[in-house]
Amino acid sequence: MFLLLLASVIFYSFSGWQGLLILVAITGFNFYSGILIDKATNKNLPLTFAVVVNVLVLFIFKFYNFFFSEVNSLFSLLDITVNFPMLNLIMPVGISYFILQAIGYNVDIQREMQSPEKNFLVFANYFLFFPKALQGPVDRPRLLMPQFYEKKEFDYARITTGLRLIAWGLFKKLVIADRLGFFVTEIYGNLHEYSGPIFLLAGFFYTFQLYADFSGYMDMALGVATILGFSMFRNFNKPFAATSVTDFWKRWHISLSTWLYEYVFNPVSLYKRNWGIWGMVFAVFITFLLSGLWHGASWIFIFWGMLNGIALGYEIVTAKWRKSIFKKFSKATARNLSIAVTFIFTILSFTFARANTPADVVYIFTNVFNFSNPSGWLNTGVSNFDLILGSLGVLLILILHWWQKVPDMNLAIAELPVLWRWSFYCLAIVFILQFGVISGSGFIYAQF
Amino acid sequence: MRNSDLMKQLLLKLLLLSILVIISASAVKYIFYQQKEDLPWAFVSNQIYLKSKIYEKKQNSVNTIFIGSSVVRRGFNPEVFDSLTLNWRKPHSFNFGVNWMGTPESLYMIDHILLNNSSNLDYAFIELSKLKYVDYANLHTTRATYWYNSEYMIFTVQAFLESQTTKWFVKIAALLTHAVSYLENAIGLDHWHIVTDFETRKSRLGDTLDFVPANYLGFDALAGNPELDTEVNAEENVQIGIKKLLNDSSGLHKRKLLSAAAFADAERNIGLDKVNQVYLEKLISLKKELLDRGIYPIFVLAPRADKRQYEEVLPLFYALPTQNRINIADSRKYPELYSVQLSADETHLNKKGAARFSEILANEYLKIMELRKSGEITQ
Amino acid sequence: MSHIEILDQINAIFRRVFENDSLQIQMETSADDVDEWDSLNHTVMIVEVEKHFNIKFKLKEVLSFQNVGDMVNIIHSKVTSA
């Protein structure tokens, strides 16, 4: 237990002691705020205080510069010179995830769904648990925290399951995501040198790069946690098989979606329940606006969040109507149609999200059908090898997502005869080593 | 079975799997790598690749070459050198200095440029370097891993173990980084990308090659050659380097004092007994091989070295025959090579400095030639 | 009004909202047990229940519902105290 905490602390300290110090401070704050909320007769006051402090911390690190540079430029439009100073802070690793969990913890105590943790060691272990440090999952304290009290025993099957998860995650990250990354970076990095449908391809590849990268990381984190004897949120569930945008968000970054559902959408929609269906549309819009903001402090993400909010709002309003239309088709056709429409929306939405500035978005969508530069179609300087291997990776993901009867690979492999199993392991690792993007291509020249 | 037994079993299986993976990866790499014969050894860095291509073009005229690090790259001006040695056999020299190049990578380089090529070469200057390890920032890069083969790995391990001047923790770090790089090379880490990407890069660099001026002889006065490298800010970077040096030249001054002290000690035979026999034997056998091919090797001590370099290289230098070595590192003899006026930064010379460097080299070279002419050297 | 009576009346509301005439709920029934019980219908159902019993849930109460029984208990306490 102490060792685990030490491992987590060491993990965080790689990114600098300042960040670690801030995280430890937040951990300490939430430890006491949880106890305080529990003891208070009017729980709302300490809860509000705790949430405000947590949000403020996130605001300072993530949004301060964005917000005040916008304020500054707004004032300069009005010919008033006000200069809010920009802060040059290094964002502590994982702070966005950290704050969400802290808020969730405090709210759960106020809702009496969670009793405050009295053991600081357990509490700190939960918050700083290193497998979820970088990109979540946004685990709920009520699910993960009790596991720190369980006695961990060596479990052969569990460890091999974890190792297989890690290998699969590495495959997705190194072979698929990083491969696709070459193309995506080239196009988005030199946007104005390209035009035409290549942007759709870039958006398409980016969607899969993001999925392979993120879910690959998730599998690795899950694998490490599994080896250590913890079960965490499964963050992805075949998102490209989603039949609606609503369904997509139940399959993509699930721990975040459910967090937003529990702590934003649900309270807001119930609070505005007298508005009927429009209360829900309002709630979903607010939820995705916040989600966009959380993803990144820029106009792009705000618009991206609103785009998704509009899509979900549309789905809420038209739910009954769409249902009646789908009744005219066979069940399979209806499903395939829904998947296709959702898939196209997903790609468009991520094409949007990857752009650097709103101006770039406008450029992409106004030039996507501009065929004036056909010679530059695939002449991007990205090697065919990257494109072919990346495309094969995309195909693999799509098969795994669209094929409904796909078996649980982890189990299927575990049940193979020993010779086949070992050959598979061996091949898979060799494949990752030789086909993955591992060695840095840039060689930093030292003196001499 | 008990848990501890299961744990042992698991660890054993993982070990076995790792060995299997290494064997099969090496096999895959070996089989497919051999088929790719047109993949040149120099594909690893633009600088090496382009220099080797330019040298290839000029192979018929070039008869003198200088192999070394960026100190050589930015210090040896073939034009100056050639013009000062006209009264002897007319040299056409080429600067094969490459950033960061040192032992053992430079030995591999010598193999490929000097020994494996039919050439018109008469003379080869070779910068003497300490045994290098792969520093952390460059670990896992293609450049760091491309040259390893069993022969060089064995030499590297033996030479590091033999070294009396290298501290134990440096030895451990060096052996570890070399072992990792060797292993990465053996199992073909990210191998397919390198192989397939080569075609793309070749065509891109081929275009670059067309822009190389006809009189380019490998000398780059700037940190990067904007025409050959991707480094676009070479000119700016030099300005930054000079500014930094003008602000604080204590580092350069230290190097000057270090050089004076090292050579003063050497003259009194202090520390010269710590010869790295493995390294020395390698140099001597290299020398013999080169002579067999009609190439006369001259080992050079370049200025502005650090402490470990002097400790390791000076005993080697003095163990080599006088007619095969040139020392232009001694700050007592050549204080100007340690002056701010001739510097681009703490370790590199500017254009004026390069002229002086080449002039001194030419003078020393002529001395050796006189000796050869008068028949005092029978080689 | 007893718990059983409340449950019966809620069942009628559930059948209407979830468009499922054969639906039979218990105190232990939760959203996982009813296919049509999603976040959309949940809100509609709450509004219908409030209308029917002429009560108003507090936000905190609604959020604390884990199953039908939780809701029935709250309704019971509200109806009897009124």
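Q: What share of the contacts in chain A with a separation of 6 or more is accounted for by residues 24 or more positions apart?
A: This is a predicted model in which local features need pLDDT of at least 70, side-chain atom pairs count only at pLDDT 80 or more, and totals for chains, interfaces and linings use all residues. Residues are numbered from 1 along each chain as its sequence is written, chains are lettered from A and ligands numbered from 1 in the order in which they are written, and side-chain values use heavy atoms, with hydrogens and water left out. A contact means heavy atoms within 4.5 Å. In chain A, among contacts with a separation of 6 or more, the share from residues 24 or more positions apart is 76%.

Q: What is the radius of gyration of chain A?
A: The radius is taken over C-alpha atoms, and the globule rule is 2.2 Å times the number of residues to the power 0.38. For the 448 residues of chain A, a compact globule would have a value near 22 Å. The value for chain A agrees with this, at 24 Å.

Q: How many helices does chain A have?
A: Helices (H or I, at least four residues) and strands (E, at least two) are DSSP runs, numbered from the N terminus. Chain A has zero strands. Its helices number 18.

Q: What percentage of the residues in chain A is buried?
A: Buried means under 20% relative accessible area, exposed means over 50%, and partly exposed is in between (1.4 Å probe, protein chains only). Of the 448 residues in chain A, the buried ones make up 53%.

Q: What part of the accessible surface of chain C do carbon and sulfur atoms supply?
A: Accessible areas come from the Shrake-Rupley method with a 1.4 Å probe, and for residues only the protein chains shown count as cover. In chain A the surface comes to about 21300 Å², of which 70% belongs to carbon and sulfur atoms. Chain C exposes about 4400 Å², and there carbon and sulfur atoms supply 47%.

Q: How far apart are the mean positions of the positive and negative charges of chain C?
A: Lys and Arg count as positive and Asp and Glu as negative, while His and the chain ends are not counted. The place of a charge is NZ of Lys, CZ of Arg, CG of Asp or CD of Glu. In chain A, the mean positions of 31 positive and 22 negative charges are 10 Å apart. Chain C has 7 positive and 14 negative charges, and the distance between their mean positions is 12 Å.

Q: Which chains share the most contacts?
A: Chain B and chain C do not touch, with their nearest C-alpha atoms 39 Å apart. Two pairs of chains are in contact. The pair with the most contacts is chains A and B.

Q: What is the radius of gyration of chain C?
A: Chain C has four helices and zero strands. By the globule rule, 82 residues give 12 Å, and chain C is close to that, so it is as compact as a globular protein of that length. Its own radius of gyration is 12 Å.

Q: How far apart are the end C-alpha atoms of helix 1 of chain C?
A: The expected span of a helix is 1.5 Å times one less than its number of residues. Helix 1 of chain C (residues 3-17) has 15 residues and should therefore span 21 Å. The distance between its end C-alpha atoms agrees, at 21 Å.

Q: Which helices of chain C are included in what covers the buried residues of helix 1?
A: The buried residues of helix 1 of chain C include C:I6, C:L7, C:I10 and C:F14. Their cover includes two elements of chain C, helix 2 (39-53) and helix 4 (68-81).

Q: Is B:W100 buried or exposed?
A: B:W100 is in the loop between strand 2 and helix 5 of chain B. Its phi is positive, about 75 degrees, although it is not a glycine. Its relative accessibility is 9%, so B:W100 counts as buried.

Q: Which residue does a cis peptide bond join to B:T103?
A: The residue lies in the loop between strand 2 (93-97) and helix 5 (105-115) of chain B. Omega is about 5 degrees for this bond, and the partner of B:T103 is B:P104.

Q: What is the relative accessibility of B:R304?
A: B:R304 lies in the loop between strand 4 (296-301) and helix 13 (307-319) of chain B. It is not a glycine, yet its phi is positive, about 65 degrees. B:R304 counts as buried because its relative accessibility is 1%.
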